[in-house]
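Look through the sequence and the 3D structure below before reading on. The report then goes from the whole chain to single residues.

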Amino acid sequence: MNRINQILLTALTVMAVLFGGSLTANAATVTEDFNSGLPEGWSLVGNIFNDSDRARSGQGVWSSGKSSTDNYLVTEPIEGTLSFYWRSFGTSGSYPNGMVYVYQYDGTALGSLIQQTASYKGSTWKQETINLGSYHGQVAIALYSACVDDVTYAPYEAAQEATLLIADYPSGSTFNFGTVVEGTTKAFTLKNEGLTELSVSSVSVTGGYTIIEGAELTTIAAQSTAQLTVATPAEDAEGVLTIVSNDANSPYTVLLKSVNKVAAPQMNLDLTAVAFGRVTADTLQEVTVSNTGDAELVVTIASDNSEFTVAPTSLAVAAGSSETFTVTFVYDEKAYGSHTATITVTPNVGEPVAIRATASIKDPEEWSENFEANVLPDGWYVIGTSAKWAFADGVASGSYEPDGWLVTPRLAVAEGESMTFQAMSRQFGTDLKVQYLPENGEWTSIISEARNRQSDFETYTVSGLEAGIYRFRFASENLDLDNFEGFKLAPSSGTKETWYVSYTFHYLDDSGAEQSNSDIEAMEIEFDGDDLAFNFPNPIRSNTWMKGTKSTEEGPVSYIFPNGQYIGKFGTEDAYYCGSNGNELIDMQFYYDEEANTFHNFQHILINSSPTEVDYWGYFSDVTITKDKSVLAGIAQPVGKKTTCSNICYDLQGRRVAQPTKGIYIMGGRKVVIK
Ligand SMILES: [Ca+2]
Ligand SMILES: [Ca+2]
């Protein structure tokens, strides 16, 4: 259809309107082929270009290779049905699929999306047909890596006479407010779609509704809008909004319906418990009170314990909004132990809500360990020949073969007391094992559970133990431990005495040759039940205690000093006491000769750079520790002559031997060499 026919048709349509015919629905259509560029009344936004190569028909087609919806063609006002042909902008693999979107357009910006095409890539032109429904006006055809040609539509021509329309609510339709509180409003946009002024003679509403905006409306200019706002009454209602005007179809009516709801506040709290945990200063926590109701909420807030204060003590919260109050725990370092309070929040409507607040202040004598020194802490030890515990980054990290235990100091547990610690598994499919050892008792499992890899520490609580003295030990494959808190360090019941040690120390000189020297020194020794500790001399650091426990094995009395006891730094490296049989690291074993009140170690004690592998700076051999210095001369060296085991005889592993062959044995608490 050419432009002249179109104008003729429009004229006929206008005449039809003037003579009381219908509006321009189903008016004749036009098809724009873009062969002469952009049609009159159309415009372009963004990066859209006329493209001859891709044209479906004739010379012109509109294309956009941009992957966005910022590029669009804007039509003249249209109505009824819109159809067009389209294809993707590019057809090779590197191009995205094309799509076309059609939006309402209000003259300046995109409005609602009316329809979008499928996503498609190819050179075949596809036809898209869109029913615009009640919408009339300009539309935007947005190209997403697409081309469009041969657009067919019906131009929309405004009626000459004043015509009232409320978008979405044609005359005779119903607006239902639903269940709402009194005074709920609805704004209607009245538009005069005609080309002459609309003259309004009355705006009214029945059913108890009130017009709070637009009641005084007298005119709406051609093609302009006005606002009309209606509010609900205090009861269930039905009413009719009526606008009388010079529109030929006046009056314009909209039926209103609403069910009244009594306004009430609704209190919600974001917390029902405030757990301050362990505090070391005044500590506060904010609590949010929100009002999801539709009337003002007024709350009062009260604490039943003056150690926990609240501020403010009352709050007014508007409907739909929220306010906060704070709960503060007032720190008093002398008030150690647990503290609790009930914070009661009482609304003006509805039930009070109780918030449980808890805090605790550390008992100054409470035991804690956070590994911040990055060494095996005092009083702790590691047992198990394959134990691998490292201390770095403020945590204790274990990796083990099944018997690698990290053991706490002796802890005093009072009835009802608990201890917490944090653990984090670094590996899937491992077991966390925790055991406790009551004094004069046996190791007993308290936690043994399968674990998967964790991204954060988990807090465990040890509680429910009978009062007493305990050690605890921990093992797992690839486990981090930290932040032990609770119980108290058991007072040492040990007694310290000064004894004497004789030894031979072996080391390499500057030329790499092994040198040794023998010596006798005074040495502190501590007995504490089955525990035994030596303040063993070493060339690196004084006052380094080596700790062990009485062996429960049958045979001669011996004490096992776990391998890998930390000494301190030697240069930049860590140094450990390790036992060795010459090839591998083993626990250090001291045999006790009751008669002579003397301890013997028949292996080697290494000053080693690793708790797990032989790598030493030097080692001790022939270590004898005795109370009576005078006996040292006689036993410091092996008895270098053929001897038979006339009495009970043991090998160096403590096994009883009936018929010893060549080698070194223990007899009567002394080392003998049998040649
Ligand atoms: Ca064309
Ligand atoms: Ca730590």
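This is a predicted model: local features need pLDDT of at least 70, side-chain atom pairs count only at pLDDT 80 or more; totals for chains, interfaces and linings use all residues.

Residues are numbered from 1 along each chain as its sequence is written, while chains are lettered from A and ligands numbered from 1 in the order in which they are written.

## The chain as a whole

The chain contains two helices and 56 strands. Helices (H or I, at least four residues) and strands (E, at least two) are DSSP runs, numbered from the N terminus. Among the 675 residues of the chain, 30% count as buried. A residue is called buried if 20 or more other C-beta atoms lie within 10 Å of its own, exposed if 12 or fewer do, and partly exposed in between, with C-beta atoms placed from the backbone. Two residues are in contact if their C-beta atoms, placed from the backbone, lie within 7 Å. Of the contacts in the chain with a separation of 6 or more, 66% are between residues 24 or more positions apart.

## Two open sheets

Strands of a sheet pair through backbone hydrogen bonds, either parallel or antiparallel. Here two strands are said to pair if DSSP finds at least two bridges between them.

One open sheet is built from five strands in the order S22-S29-S28-S24-S26, and its pairing is mixed. Its edges are strand S22 (273–279) and strand S26 (314–317), each of which pairs on one side only. On average, neighbouring strands of this sheet are turned by 20° against each other, direction ignored. For such angles, axes are lines fitted to C-alpha atoms (for helices over the stretch in contact), and angles run from 0 to 180 degrees between N-to-C directions. Strand S24 (residues 297–303) pairs with S26 in the antiparallel sense over four bridges. The bridge partner of Val-299 in S26 is Leu-315.

Another open sheet has four strands in the order S12-S14-S18-S16, with antiparallel pairing. Strand S12 (164–166) and strand S16 (210–213) are its edge strands, each pairing on one side only. The twist from one strand to the next averages 35°. Three bridges link S12 and strand S14 (residues 185–192) in the antiparallel sense, and Ile-166 stands opposite Leu-190 in S14.

## Nonpolar cores

In soluble globular proteins, nonpolar side chains tend to be buried together. A nonpolar core is a set of buried Ala, Val, Leu, Ile, Met, Phe, Trp, Tyr and Cys residues joined through C-beta atoms within 7 Å. The largest such core has 31 residues, and those with the most contacts inside it are Val-100, Ile-141, Leu-143, Ala-146 and Val-148. Two or more residues of this core come from each of strand S5 (72–74), strand S6 (78–88), strand S7 (99–105), strand S10 (138–144) and strand S11 (146–155). Apart from this core lies another, of 30 residues, among them Val-407, Val-413, Ala-423 and Leu-479.

Leaving aside residues up to four places away in sequence, Ala-146 touches Ser-64, Trp-86, Arg-87, Ser-88, Phe-89, Gly-98, Met-99 and Val-100.

## Two residues in strands

Val-434 lies in strand S37 (residues 430–438). It is buried because 20 other C-beta atoms are within 10 Å. Val-434 touches Ile-446, Ile-447, Phe-472 and Phe-474, not counting residues up to four places away in sequence.

Tyr-592 belongs to strand S50 (residues 588–593). Is Tyr-592 buried or partly exposed? It counts as partly exposed, because it has 19 C-beta neighbours inside 10 Å. Tyr-592 and Ser-558 are 34 residues apart along the chain, and their C-alpha atoms are separated by 5.6 Å.

## Backbone details in loops

| Cis peptide bond | Omega |
|---|---|
| Ser-250 to Pro-251 | about 5° |
| Ala-311 to Pro-312 | near -10° |

Pro-251 is in the loop between strand S19 (237–245) and strand S20 (252–261), and Pro-312 is in the loop between strand S25 (308–311) and S26.

Phe-34 has a phi near 60°, a positive value in a residue other than glycine. Phe-34 sits in the loop between strand S1 (30–32) and strand S2 (43–45), and it is buried, with 24 other C-beta atoms within 10 Å.
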